[in-house]
Amino acid sequence: QTLAKILGKKNALTMRIPALFLYTIAGVTQVISRLSSKPSILSLDKAKEMLQPHWICSSEKIKTEIGFETAISLEDGLRSTYEWYRAQGWM
């Protein structure tokens with residue numbers, strides 16, 4: 001939702017991709033990557049990560065234990081990354 005906001009969209013697009021399809025595409029791209037010696041954006045490991053049911057994390061423990069604070073907010077970091085991708089012609 002944060003990235004949708006940065007892009008000026010009302011809502012983020014949610015897509016459900018069957019696990020078998022994702023693993024198949026990941027396997028094919030991984031083989032092509034090895035044959036061409038070029039890095040792949042999707043691998044079997046990335047597919048496994050994408051299929052995890054929950055992506056929840058908190059920075060409270062590191063804040064409490066050692067006083068760490070992020071220098072850049074999530075929104076500012078995403079905005080900076082998006083602007084860099086645009087400047088590089090990737091978007």
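**Pocket lining**

I sorted the lining of the largest pocket by residue class and got 7 nonpolar, 2 polar and 1 charged. The model is a predicted one. I then listed the lining by name: T14, M15, R16, I17, L22, M50, L51, Q52, P53 and W55. For the volume of this largest pocket I noted about 230 Å³.

**Salt bridges**

Next I turned to charge pairs. Side chains of opposite charge can pair when their charged atoms come close. How many salt bridges does a search of the whole structure find? I got 5.

I looked at K5 and its partner E75. Their closest N and O atoms are 3.5 Å apart.

I checked accessibility for both ends. K5 counts as exposed because its relative accessibility is 54%, over the 50% cut-off. E75 is at 24%, so I filed E75 as partly exposed.

Which residue besides K5 pairs with E75? I found R79, with the closest N and O atoms at 3.3 Å. R79 and E75 are 4 residues apart in helix α5, which means about one helical turn separates them.

R79 also forms a salt bridge with D76, and here the closest N and O atoms are 3.9 Å apart. Both residues lie in helix α5, 3 residues apart, about one turn of the helix. I joined the pairs that share partners: K5, E75, D76 and R79 make one network.

R79 has 29% and counts as partly exposed. D76 has 44% and is partly exposed as well.

**Q30**

Last, I picked Q30 in helix α2 (residues 19–36). Is Q30 buried or exposed? I read a relative accessible area of 18%, so Q30 is buried, the cut-off being under 20%.

What does the side chain of Q30 reach? I traced the side chain to the backbone nitrogen of L44, at 2.8 Å. I then listed the contacts of Q30, leaving aside neighbours within four places in sequence. The list reads S40, L42, S43 and L44.

Key. Residues are numbered from 1 along each chain as its sequence is written. This is a predicted model: local features need pLDDT of at least 70, side-chain atom pairs count only at pLDDT 80 or more; totals for chains, interfaces and linings use all residues. Side-chain values use heavy atoms; hydrogens and water are left out. Helices (H or I, at least four residues) and strands (E, at least two) are DSSP runs, numbered from the N terminus. Buried means under 20% relative accessible area, exposed over 50%, partly exposed in between (1.4 Å probe, protein chains only). A polar contact is a pair of N or O atoms within 3.5 Å; within protein, one must be able to donate a hydrogen and the other to accept it, and residues adjacent in sequence count only if both atoms are side-chain atoms. Contact means heavy atoms within 4.5 Å. On a 1 Å grid over the protein atoms alone, a cavity is a set of points where a 1.4 Å probe fits but cannot get out, and a pocket is an open set with protein on both sides within 12 Å along at least five of seven lines; lining residues have an atom within 4 Å of a point. Grid points are joined across faces, edges and corners, and a volume is the space filled by probe spheres set on the points. Ala, Val, Leu, Ile, Met, Phe, Trp, Tyr, Cys and Pro count as nonpolar, Asp, Glu, Lys and Arg as charged, and the others, Gly among them, as polar. A salt bridge is a side-chain nitrogen of Lys or Arg within 4 Å of a carboxyl oxygen of Asp or Glu.
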